[in-house]
Structures are given as structure tokens and as C-alpha cells.
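Thank you for letting me take a few minutes today.

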Amino acid sequence: MGIVGNLRPDQLEFFNSRGYLVVESFASTEQIGALRKRIHHLLDKFDCSTASIFSTKNQQQLTDDYFYESAENISFFFEEKAFGDDGNLKQSKELSINKVGHALHEFDPVFKEFSSSGKFSSTLFSLGYKRPVVIQSMYIFKQPGIGGEVVPHQDNSFIYTEPASCVGLWLALEDATVTNGCLWAIPGSQKKGLVRRFIRGEEGVSFDKLSPCYDQKEFVPIEVKAGSLVVLHGDLIHQSFENQSPKSRHAYSLHVVETDGCKWAKENWIRRKVEPEPLYES
Ligand code: FE2
């Protein structure tokens with residue numbers, strides 16, 4: 001007997017028309033606490049000397065091998081504004097990290113167990129996935145005062161299959177509001193298809209086209225309570241602003257692709273030496 005999908009018809013209809021969906025109370029307070037405790041433990045063990053700065057604005061930095069290797073590792077990326085002019089951190093290590101990625105779901109037992117849960121697979125089967133595979137995971141901190149912006153993009157640009165199949169599962173671990181840098185999206189923008197791709201070539205990574213200019217008035221905020229899951233269509237235009245507030249905005253996100261009938265693009269930045277392990281069985 002296969003897993004029955006957990007999304008209601010009205011939720012699927014909302015997702016299909018708007019390109020995103022909020023599932024409230026997806027994770028319990030205990031589950032959130034366990035993930036936050038675990039990331040704190042991983043941060044505690046992290047040696048700052050292996051640091052790399054991640055910025056979606058400065059693609060040159062993405063050519064760093066540290067970034068490529070993070071596809072199969074638990075790697076730590078600093079906020080761009082974490083450092084002072086002297087090159088030293090302006091605040092504690094715990095308040096300086098932008099994100100941890102991109103394979104927590106595979107190599108950390110706590111994140112792996114949570115990411116393997118039937119709730120995720122049920123959501124994916126509801127959306128029509130047959131053999132979904134998590135291709136990347138990120139713990140995002142959106143640190144108080146310095147949490148960097150994420151410019152408008154589509155996840156299919158970075159995680160491409162033929163045909164396109166990426167879906168984002170973004171779990172709020174703290175309340176996300178317009179004040180602390182919640183997600184914003186253009187409802188229905190997924191219907192216009194993929195605008196551009198992020199290609200890894202001989203010379204590093206780059207986009208194959210310039211970004212269109214988006215009208216900020218078209219974006220709507222997706223404010224959610226801690227424990228809510230935001231499901232994001234791979235072609236949905238979304239972004240988040242810098243967190244200038246004194247409150248962090250932690251989130252855990254998974255990006256999933258279909259492996260049944262969809263082919264992984266070799267130009268993607270993620271190049272696995274070992275095939276990702278399927279976490280869900282239908
Ligand atoms: Fe995204």
C-alpha cells in the first residue's frame with residue numbers, strides 16, 4: 001500500500017494557481033527544537049578557518065571549490081556582512097553564519113531522520129511526484145541585522161531536470177514576517193515558465209541570460225508561523241529581503257526533484273560523485 005497524499009484538493013488548487021502553498025503546523029514545537037538544537041551543536045564544532053562567503057549577488061565567489069563540494073557535505077557559509085574591515089567577525093560565529101548546506105539531509109542523522117519523514121513524502125506524492133529525491137538541503141539563519149537578501153529567482157534555474165521538476169519545501173523554524181525577512185513571491189508567476197538557467201561550465205558558474213526586471217509591486221509577502229511549511233513551485237519567482245531587524249529568521253529547506261521520467265541536467269552546479277539516496281518510497 002503506497003503512502004496517501006496529505007494535501008486537500010483546495011490546497012492543490014491553491015498551489016496550482018498561485019505557485020506556492022502554506023501548510024500550517026507541519027512541524028511540531030519538539031521537532032523544531034530538535035533541529036535548532038542540532039544545528040547549534042554542528043555550529044559549535046565548526047572550525048571557522050574553513051570558511052567561505054556565499055552571496056547570490058556575487059557569482060564569482062560561487063566558483064569556490066568549497067561551494068561545489070558542499071553538494072555532498074555539511075558546509076558553512078558566512079553572511080556577507082559578517083566581517084569587519086579588518087577581516088574579523090563582527091559578532092559571534094553563531095550569529096555570523098548565513099546557511100549550512102547542502103547535504104544535511106544525507107549526512108547528519110537528526111536532519112536525515114526529519115527529512116525522511118512520511119509528512120514530506122506524503123506532501124510530495126500529493127503533488128504528483130512518483131520517485132522524488134532530495135537533491136539539496138539548507139539550514140538558513142537570516143541573522144539579525146545582517147541576514148542577506150536573496151534576489152528574485154526561480155529554483156529551477158539552479159536545480160534543473162529535463163523536464164523541469166524542482167519543488168522547494170521551506171520550513172519556518174521561527175515566525176517569518178516582513179520585518180525579519182520572510183519570503184516574497186509573485187503569485188502565478190510559475191505559469192510563465194523558466195526564465196534562465198544557472199550553468200556550471202569550464203570557467204565556473206554563470207547565468208545563461210540576464211535577469212529580467214521585476215516589478216516589486218507584484219510580490220506578496222508570505223508571512224508564516226514557526227512550524228509552517230511553504231511549498232514552492234520550481235518556476236515561482238520569489239525573493240527575500242535583508243533582515244535588518246534584531247530577530248533571526250531560521251528556516252530549513254529541502255529541494256526535491258523527480259527521478260521518474262526526469263533527467264538530471266549535467267550543467268547543474270551540483271555534480272554528485274555518489275548518487276543521492278532516495279529518502280522516500282512510494
Ligand atoms: Fe529559492
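This is a predicted model: local features need pLDDT of at least 70, side-chain atom pairs count only at pLDDT 80 or more; totals for chains, interfaces and linings use all residues.

**Salt bridges and an iron site**

Let me begin with a single side chain: Lys81 is partly exposed, with a relative accessible area of 43%, where buried stands for under 20%, exposed for over 50% and partly exposed for what lies in between, computed with a 1.4 Å probe on protein chains only. Residues are numbered from 1 along each chain as its sequence is written, and side-chain values use heavy atoms, with hydrogens and water left out.

Which residue does Lys81 pair with in a salt bridge? The partner is Glu242, and the closest N and O atoms are 2.6 Å apart, a salt bridge being a side-chain nitrogen of Lys or Arg within 4 Å of a carboxyl oxygen of Asp or Glu. This pair links distant parts of the chain, with Glu242 in the loop between β14 (238-240) and β15 and Lys81 in the loop between β3 and β4 (97-102), 161 residues apart; helices and strands here are DSSP runs, H or I of at least four residues and E of at least two, numbered from the N terminus. Glu242, at 23% relative accessibility, counts as partly exposed.

By this rule there are 12 salt bridges. One of them joins Glu174 to Arg36, with the closest N and O atoms 3.4 Å apart, and it too connects distant parts of the chain, since Glu174 sits in the loop between β8 and β9 (183-185) and Arg36 in helix α2 (residues 29-45), 138 residues apart. Glu174 counts as buried because its relative accessibility is 10%, whereas Arg36, at 30%, is partly exposed.

In another, the side chains of Lys273 and Glu72 meet at 4.0 Å, N to O. They bridge 201 residues, from the segment after β16 (263-264), where Lys273 lies, to the loop between α3 (65-69) and β3 (74-78), which holds Glu72. Lys273 is exposed at 75% relative accessibility, while Glu72 is buried at 16%. These two residues also belong to a network of salt bridges that links Glu72, Glu106, Arg272 and Lys273.

Turning to the metal, the protein donors of the iron ion are His153 (NE2), Asp155 (OD) and His238 (NE2), at 2.1 to 2.2 Å from it. Donors are N, O and S atoms within 2.8 Å of the metal (3.2 Å for Na, K and Ca), and since water is not among the atoms, sites may look incomplete. The spacing of the donor residues in sequence reads H-x1-D-x82-H. His153 is buried at 17%, and Asp155 is buried at 6%.

Finally, why is helix α6 (residues 118-126) described as largely enclosed by the rest of the structure? The reason is that seven of its nine residues are buried, among them Phe120, Leu124 and Phe125. The elements covering those buried residues, by contact between heavy atoms within 4.5 Å, include α1 (9-18), α5 (109-115), β5 (132-140), β8 (167-172), β13 (229-233) and β15 (251-258). Just after α6, Gly128 adopts a positive phi of about 100°.
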